[in-house]
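Dear colleague,

Please read them with the structure open beside you.

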Amino acid sequence: MTGTVPAIDPRRTALLVMDFQAGILGRLSGAEALLSRVADAIAVVRSHGGQIGYVRVAFEDADFDAIPAHSRMAPTVAAAGRALHSDSPATAVHDTVAPEPGDIVVRKTRVGAFSTTDLDQQLRGRGITTLILAGISTSGVVLSTVRDAADRDYQVLVLTDASADPEPGVHDFLTHKIFPRQAHVITTAELKDLLSTPDAVGS
């Protein structure tokens with residue numbers, strides 16, 4: 001755990017499960033163990049009355065056409081083709097961590113969770129002030145969302161063992177050197193302790 005984490009009120013907290021899609025999970029080793037840890041974190045937050053939010057990357061036909069040729073994202077999307085379409089099984093949230101009624105679900109067309117979605121409005125409408133992040137990849141959606149969420153004045157926690165990157169060294173560098181500047185970096189085991197005994201927090 002990095003630094004002293006203030007007491008977390010589960011009623012004002014959302015766990016964001018980001019890009020846990022078949023097409024992305026397939027690029028990782030140890031995906032099953034990762035999914036198990038994320039499922040555990042979801043269960044813990046649910047049991048304490050917290051909100052669960054899901055972010056997935058997927059494109060409608062008009063979204064493909066709207067990406068300008070000079071965008072660095074354009075060749076990636078073009079190479080993926082229909083695999084990134086919103087109707088493709090590759091863009092569906094994995095069954096192990098699938099949404100339930102009442103969860104927030106947003107579809108994005110860029111890297112971060114906020115820029116092409118109404119996620120911020122949905123969170124604020126529910127009185128959410130603390131975000132717990134789990135995502136693939138650490139250098140993609142997690143990094144972008146940490147930066148943006150901090151700029152929007154959310155309290156941010158990153159679940160280091162419920163996030164992953166195709167390059168483990170990049171994951172370690174970000175979680176140890178970069179994220180602590182704007183977020184608390186914790187494990188799923190520490191999350192249980194923070195939510196179970198919110199007054200017993202600290203480093």
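**Pockets and a threonine**

The second largest pocket is lined by Arg27, Leu28, Ser29, Gly30, Leu34, Arg37, Ser163, Ala164, Asp165, Pro166, Pro168 and His171; a pocket is an open set of points, on a 1 Å grid over the protein atoms alone, where a 1.4 Å probe fits, with protein on both sides within 12 Å along at least five of seven lines, and lining residues have an atom within 4 Å of a point. This is a predicted model, in which local features need pLDDT of at least 70 and side-chain atom pairs count only at pLDDT 80 or more, while totals for chains, interfaces and linings use all residues. Residues are numbered from 1 along each chain as its sequence is written, and side-chain values use heavy atoms, with hydrogens and water left out.

About 180 Å³ of space lies in the second largest pocket, and about 560 Å³ in the largest, a volume being the space filled by probe spheres set on the points, which are joined across faces, edges and corners. Of the 24 residues that line the largest pocket, Asp19, Ile24, Arg27, Val57 and Thr76 are the closest to its centre.

Threonine 91 is buried, with a relative accessible area of 1% (buried means under 20%, with a 1.4 Å probe and protein chains only). A polar atom of its side chain lies 3.1 Å from the backbone oxygen of histidine 85. Threonine 91 and aspartate 103, although 12 residues apart in sequence, are 18 Å apart in space, C-alpha to C-alpha.

With best wishes

Definitions and conventions. Buried means under 20% relative accessible area, exposed over 50%, partly exposed in between (1.4 Å probe, protein chains only). A polar contact is a pair of N or O atoms within 3.5 Å; within protein, one must be able to donate a hydrogen and the other to accept it, and residues adjacent in sequence count only if both atoms are side-chain atoms.
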